[in-house]
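Have the sequence and the 3D view ready. This report walks through the structure part by part.

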Amino acid sequence: MLWLTWRQHRAQTLVTVVLIAGAALLLVLDAVPFVLVKTLPVVPVFVGLFWGVPLLAREYERGTDRLVWTQSVPRSRWLVVKFTVLGTAVVLAGLAFGAVVLGWTASADAPVDRFSDEVFGVSGVVAGAWFLAVFTLGAASGAVLRRMLPAMAVTTAVFAGLVVGAYLARGHYAEPEVALSGAHGMAVPADALVTGTGVVGPAGDLLSWDDAMSACAGAEPVGCMRDRGYEQQYTLYQPADRYWRFQWTETGLLLVIALVLAGVTARQVVNRSR
Amino acid sequence: MVWLTWRQHRAQVLVTAGFLVLVGVLLLVHGLGADGLTGDALTARFQSIYTYVSWLPAVPLVAGLFWGAPLLARELERGTHRLAWTQSVTRRRWLATKLGLLGLAVTVAGLLLGVMVSAWLTAFDGVRSADRFSDPVMFGATGVAGGVWWLFAFAIGTAAGGLTRRTLPAFAVTIAVFLTAMFAMFAVFQVRDLYAEPERMLAEGPPADAFVTDSAFVSPAGVEVSGDVPECATAGRDTYLDCVDEAGYRSVLYYQPADRYWRFQWTEAGLLAVVSVLLAGPVAYRVARRPV
């Protein structure tokens with residue numbers, strides 16, 4: 001089984017190793033253009049497309065599942081070995097990539113810090129969890145749809161949804177700190193994750209910009225805001241030292257998702273007859 | 001042939017149309033909500049969605065993967081090319097119709113997305129990064145360049161499928177070539193800076209919406225220094241600019257004026273269109289000639 005797994009997936013393994021080495025080299029040389037930094041969160045989807053989807057969809061599409069599941073190795077063992085070996089490889093790849101990105105953000109002239117949306121998901125330990133979750137996502141959609149191209153499309157779409165969900169959820173992993181504007185401007189610490197901005201009401205209540213503006217709908221905004229006593233501005237932020245705590249929170253969430261998707265896959269493979 | 005093309009590719013067409021409608025509605029709602037906002041509130045509203053908008057340069061890649069890569073690879077992988085190319089429709093016509101119709105469709109999709117993004121940007125006049133010219137993300141997503149990036153990705157995908165003759169390797173090659181092309185254009189050569197000779201000005205600040213490509217200091221004698229000013233080599237980070245000022249240096253800016261936007265758009269579109277033809281042409285020729 002180990003030999004079979006290596007033989008069927010060596011292309012992915014070798015390409016992934018080369019790509020991570022290449023990414024490390026680019027980041028070390030600091031030759032990453034801004035446009036590519038912006039697309040860093042997209043990286044895990046390739047794990048889903050090339051490691052996850054073919055795992056089952058390719059067998060079904062080519063009919064090779066009939067051969068492979070009528071050998072002396074039972075289906076359940078086939079799946080357990082494939083998931084364990086490939087899952088471990090994917091997690092290791094993710095952790096390696098995460099370490100490379102984390103090392104790069106620590107360098108002085110990196111354009112983004114490690115807590116920003118662009119790199120949080122592909123740095124540190126959570127990169128491994130993202131790789132694993134998207135791998136199981138690809139495997140599950142391949143097992144359900146049984147064809148590569150639709151499974152790839154579904155993996156891409158669900159992945160985009162997951163990333164947007166993570167962006168929206170990240171601000172809520174802990175109660176944010178509040179910084180108020182003073183004589184010296186806003187005292188938001190460096191490298192913090194800013195999750196919201198707005199104005200402080202007369203009673204000390206915090207209003208988002210949208211709420212404050214809709215209260216002033218129709219009127220000249222600057223004067224109206226002053227009349228209503230919205231003098232001070234605020235920023236909600238998560239301090240930079242919460243990075244590791246957030247990393248483990250998101251890792252936990254993603255591992256639950258990965259577990260559920262692996263369960264779906266196993267159910268499809270073991271229980272469903274052709 | 002038109003019916004066949006629709007029948008084989010309707011899933012891609014419908015999903016892309018659905019995606020465009022979804023993005024259009026989101027941008028419309030978001031843009032309308034910015035009506036009447038000013039200053040920090042406007043910036044905050046723009047920033048709330050900028051992260052997602054900054055993924056736009058990756059969208060053409062998805063078009064290349066799902067429109068381009070399967071076009072030839074799926075037929076060749078499943079052996080259905082033997083059926084398709086032995087009918088009364090010649091192989092050359094089969095290829096020409098498919099490439100023409102689908103290429104047109106992806107280009108139109110890219111152009112539509114560009115129109116929607118441009119319209120949305122007008123709601124954020126004056127916000128940093130919300131500029132269709134100086135912001136690399138917005139430049140590539142708006143105007144004619146937006147459509148041609150989609151066509152370019154489609155050509156890469158088709159060529160990769162014709163060469164590898166299998167879907168999965170075609171996907172991998174498409175991603176690799178597309179990312180390499182982006183990387184080469186933006187990091188290695190910074191081609192957009194080369195579309196025209198930049199204007200030079202001794203500046204307090206550049207004109208609005210201009211695309212600043214470089215800056216330097218000019219000594220009182222009129223000599224331009226690139227890098228650090230020699231008189232201020234020992235000055236600290238906080239006092240550096242004051243020191244430069246005292247030494248009589250002035251800053252000079254190189255920029256592309258805002259009215260060059262369309263010229264740059266057409267330059268980039270032409271460049272990508274030529275590369276697309278160069279990529280897809282030989283593959284199409286090879287596929288048309290090779291024995292079934």
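## A helix residue in chain B

This is a predicted model. Start with B:Val177, which sits in helix 8 of chain B, spanning residues 167-188. Is B:Val177 buried, partly exposed or exposed? Its relative accessibility is 32%. Buried means under 20% and exposed means over 50%. B:Val177 therefore counts as partly exposed.

Now look for B:Leu61. Along the chain, B:Val177 and B:Leu61 are 116 residues apart.

## Domains and a sheet in chain B

Chain B has a domain 1 and a domain 2. Domain 1 takes in two stretches, 2-195 and 258-289. Domain 2 covers 211-256. How far apart do the C-alpha centres of these domains of chain B lie? The distance is 41 Å.

Chain B also holds an open sheet of 4 strands. The strand order is 1-4-2-3, and the pairing is antiparallel. At the edges are strand 1 (199-202) and strand 3 (224-225) of chain B, each with pairing on one side only. Strand 2 of chain B runs over residues 211-218 and pairs with strand 3 of chain B through 2 bridges. Find B:Val218: opposite stands B:Glu224, in strand 3 of chain B.

## The overall form of chain A

Turn to chain A. Its secondary structure comes to 11 helices and 5 strands. The chain has a radius of gyration of 23 Å. For 274 residues the globule rule gives 19 Å, and the value for chain A is well over that, so chain A is more spread out than a compact globule. Its C-alpha trace spans about 80 × 40 × 30 Å along the principal axes. Of its 274 residues, 49% count as buried.

## Transmembrane regions on record

An unreviewed UniProt entry lists "transmembrane region" for several spans of chain A, including residues 12-29 and 252-270. What are these spans made of in the model? Residues 12-29 of chain A are 100% helix and 0% strand, with end C-alpha atoms 25 Å apart. Residues 252-270 of chain A are also 100% helix and 0% strand. Their end C-alpha atoms lie 27 Å apart.

## Aromatic pairs

How many aromatic pairs does a search of the whole structure find over all chains? It finds 30. One of them joins A:Tyr60 and A:Trp69: the ring centres are 5.7 Å apart and the planes stand at 80°, so this pair is edge-to-face. A:Tyr60 is buried, at 7% relative accessible area. A:Trp69 is buried too, at 11%. The rings of A:Phe115 and A:Phe246 also form an edge-to-face pair, because their planes meet at 90°, with centres 5.5 Å apart. A:Phe115 lies in the loop between helix 5 (75-106) and helix 6 (117-120) of chain A, while A:Phe246 lies in helix 11 (residues 243-271) of chain A, so the pair ties together parts that are 131 residues apart in sequence.

A:Phe115 is buried, at 2% relative accessibility. For A:Phe246 the relative accessible area is 0%, so this residue counts as buried. Ring pairs also link A:Phe115 and A:Phe246 into a cluster with A:Phe120, A:Tyr173, A:Tyr243 and A:Trp244.

## Charges over rings

Which residue lies over the face of A:Tyr60? A:Arg146 does, at 4.1 Å from the ring centre. In chain B, B:Arg132 lies over the face of B:Tyr261, at 3.8 Å from the ring centre.

Technical notes: Residues are numbered from 1 along each chain as its sequence is written. Chains are lettered from A and ligands numbered from 1 in the order in which they are written. This is a predicted model: local features need pLDDT of at least 70, side-chain atom pairs count only at pLDDT 80 or more; totals for chains, interfaces and linings use all residues. Side-chain values use heavy atoms; hydrogens and water are left out. Two strands pair if DSSP finds at least two bridges between them. Buried means under 20% relative accessible area, exposed over 50%, partly exposed in between (1.4 Å probe, protein chains only). Domain bounds come from an automatic or database domain assignment. UniProt positions are given in the numbering used here, feature names are shortened, and annotations may be inferred rather than shown by experiment. Rings of Phe, Tyr and Trp (its six-membered ring) pair if their centres lie within 6.5 Å; planes under 30 degrees apart count as stacked, over 60 as edge-to-face and the rest as tilted. A charge sits over a ring if NZ of Lys or CZ of Arg is within 6 Å of the ring centre and within 35 degrees of the ring normal. The radius of gyration is taken over C-alpha atoms; the globule rule is 2.2 Å times the number of residues to the power 0.38.
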